[in-house]
Amino acid sequence: VEYADFQCPHCGQFAVVQFPTIRQQLINTGLVRWRFRPFPLGWTWSDLSALAAECAGEQNKYWEMADALFSHQADWVRSTRSPAGLFRDYARSVGVDVNPYDACMDSERYAGRIAASHDAGLAQRVSGTPTFFANGVVLDGTRYANSDAFKTLVDSLTKGRR
């Protein structure tokens, strides 16, 4: 489980640099089931970016939208104007039908889910992002900031099961 904020620079770096290898080596091979939990830290566009990912997720494009938000983070993270138009463009670029996406964004129907995810993180003592858990145990964020550490962890947990 990863608790992250789309506006967090550390989360963005992890998502762009390390996560593709984790996806290829551990997720796509079936060794790991990865759960992403939004944990908005209260920055200007934290909640809006989490909502954009959830709304894309209605069309089974959550991960594609998450990738777009993180890979284009530098384009919107410091904006003084709402990046909603950019988020809509990202959604379109990953294959989302923008009419239902717009309705979802306007309704903010996932605001409660995002708040619940944040509350669940607080209950587990998440205080910063990214924070990772494996089998319910919090992982040292500095140690697990790279794909090699995750591969080593998974290898140690699955040893003897393959």
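User: Which residues does Ser147 touch, not counting residues up to four places away in sequence?

Analyst: This is a predicted model, so local features need pLDDT of at least 70 and side-chain atom pairs count only at pLDDT 80 or more, while totals for chains, interfaces and linings use all residues. Residues are numbered from 1 along each chain as its sequence is written, and side-chain values use heavy atoms, with hydrogens and water left out. Ser147 lies in helix α8 (residues 147-158), where helices are DSSP runs of H or I with at least four residues and strands are runs of E with at least two, numbered from the N terminus. Counting contact as heavy atoms within 4.5 Å, Ser147 touches Gln18, Thr21 and Ile22.

User: Is Ser147 buried or exposed?

Analyst: Buried means under 20% relative accessible area, exposed over 50%, and partly exposed in between, with a 1.4 Å probe and protein chains only. The relative accessible area of Ser147 is 8%, so Ser147 is buried.

User: Where is Ala145, and which residues does Ala145 touch?

Analyst: Ala145 sits in the loop between β4 (137-139) and α8. Its relative accessibility is 40%, so Ala145 counts as partly exposed. Leaving out residues up to four places away in sequence, Ala145 touches Phe14 and Gln18.

User: Which residues of α7 are buried, and why are they on the same side?

Analyst: An α-helix has 3.6 residues a turn, so residues three or four places apart point the same way. In α7 the buried residues are Ile114, Ser117 and Gly121. They cover an arc of only 60 degrees around the axis (taken from the directions from the helix axis to the C-beta atoms), which puts them on the same side of α7.

User: What covers the buried residues of α7?

Analyst: The face turned away from the buried side carries the exposed residues Gly112 and Ala123. The cover over the buried residues includes β1 (2-4), β2 (36-38) and α2 (46-57).

User: How are α2 and α3 oriented to each other?

Analyst: Axes are lines fitted to C-alpha atoms, for helices over the stretch in contact, with angles from 0 to 180 degrees between N-to-C directions. The axes of α2 and helix α3 (residues 62-71) come within 7 Å and cross at roughly 150 degrees. Angles under 35 degrees count as roughly parallel, over 145 as roughly antiparallel, 65 to 115 as roughly perpendicular and the rest as oblique. Therefore α2 and α3 are roughly antiparallel.
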